[in-house]
Each structure stands twice: as structure tokens, then as C-alpha cells.
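The exercises below are meant to be worked with the sequence and the coordinates open side by side. Please try each task before reading its solution.

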Amino acid sequence: MLKTANLHIRIDPETKSGAEELFSTFGITVSDAVIMFLRQSLLVGGLPFELRQPRYNAETEAAIQEARDIMDGKVHAKTYYSVAEMHADIDAEDE
């Protein structure tokens with residue numbers, strides 16, 4: 001029989017629930033996923049993914065996604081026939 005060691009971690013309930021739901025779609029448990037992560041870390045000699053800071057803040061990321069959705073036709077964008085019309089619409093939103 002293989003010896004095992006316990007690993008205790010603290011995580012917020014929403015993250016745990018989301019991870020359980022995600023991993024169950026692959027037929028594995030959170031414990032299985034953690035073991036896979038640790039084994040892959042040992043195999044590559046570090047974190048098994050690139051670790052970096054987000055390039056933009058949340059508001060900018062949302063604007064980029066909105067622009068992509070507009071280009072993909074998922075979101076209808078307003079159109080204007082003149083700059084004055086656009087400014088009038090913007091001013092009306094501020095009121």
C-alpha cells in the first residue's frame with residue numbers, strides 16, 4: 001500500500017465550488033487536480049503555467065471584450081451620421 005500525506009488548504013467557498021463543478025466535467029476531483037498540478041510542477045521544475053500580471057485593469061479588459069463582441073456581431077453598436085450627433089447622444093446620457 002502506498003503511503004500518503006495530507007495537504008490542508010484554505011480557499012473561499014465559491015472558488016472551491018466552481019473548481020469542483022469544473023473538474024467533475026473531466027471526471028476528476030479537486031484532490032485529483034491538485035495532485036496533477038503538483039506532479040506537473042515537479043516535471044517542469046516550476047509552475048506549470050506562465051505567471052504574469054494582467055496587462056489591463058478590469059474596465060479596460062471589459063472595453064476590449066465589448067469591442068471584440070461588436071466586431072463578431074454579438075453586440076449591436078450605435079452608429080452616428082455626424083460627430084455632432086454622437087456628442088449630443090453622449091451629453092444626453094450624462095443628464
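**Exercise 1: Placing a residue**

Ala62 is found in helix α3, where helices are DSSP runs of H or I with at least four residues, numbered from the N terminus. This is a predicted model, in which local features need pLDDT of at least 70 and side-chain atom pairs count only at pLDDT 80 or more, while totals for chains, interfaces and linings use all residues. Residues are numbered from 1 along each chain as its sequence is written, and side-chain values use heavy atoms, with hydrogens and water left out.

Task: state whether Ala62 is buried, partly exposed or exposed, and find how far its C-alpha atom lies from that of Val30.

Solution. Begin with the cut-offs: buried means under 20% relative accessible area, exposed over 50%, and partly exposed in between (1.4 Å probe, protein chains only). Ala62 has a relative accessible area of 45%, so it is partly exposed. Then take the distance: the C-alpha atoms of Ala62 and Val30 are separated by 30 Å, and the two residues are 32 apart along the chain.

**Exercise 2: A charged residue without a partner**

Task: determine which side chain of opposite charge is nearest to Asp69, and how far away it is.

Solution. First locate Asp69, which belongs to helix α3, spanning residues 58-71. For the charges, Lys and Arg count as positive and Asp and Glu as negative, whereas His and the chain ends are not counted. A salt bridge requires a side-chain nitrogen of Lys or Arg within 4 Å of a carboxyl oxygen of Asp or Glu. Finally, when neighbours within four places in sequence are set aside, Asp69 is in contact (heavy atoms within 4.5 Å) with Lys74 and Val75.

**Exercise 3: The salt bridges**

Task: find how many salt bridges the whole structure holds, and describe the setting of the one between Glu20 and Lys16.

Solution. A search of the whole structure gives four salt bridges. In one of them, the closest N and O atoms of Glu20 and Lys16 are 2.9 Å apart. Both residues lie in helix α1 (residues 13-24), four residues apart, or about one turn of the helix. Glu20, at 36% relative accessibility, counts as partly exposed, and Lys16, at 42%, counts as partly exposed as well.

Continue with Glu50 and Arg52, whose side chains meet in a salt bridge at 3.8 Å, N to O, and which are both exposed. The side chains of Lys78 and Glu93 also form a salt bridge, with an N to O distance of 3.2 Å. Lys78 lies in the loop between α3 and α4 (83-94) and Glu93 in helix α4, so this pair ties together parts that are 15 residues apart in sequence. Salt bridges with shared partners join Lys78, Asp89 and Glu93 into one network.

**Exercise 4: A residue in helix α2**

Task: decide whether Ser41 is buried or exposed, and list what it touches beyond its sequence neighbours.

Solution. Ser41 sits in helix α2, which covers residues 30-44 and has the highest mean pLDDT (97) among the elements, α4 having the lowest (90); pLDDT is the predictor's confidence in each residue, from 0 to 100. Ser41 counts as buried, at 14% relative accessibility. Not counting residues up to four places away in sequence, Ser41 touches Gly46, Leu47 and Pro48.

Notes:
Helix = DSSP H or I, 4+ residues; strand = E, 2+ residues; numbered from the N terminus.
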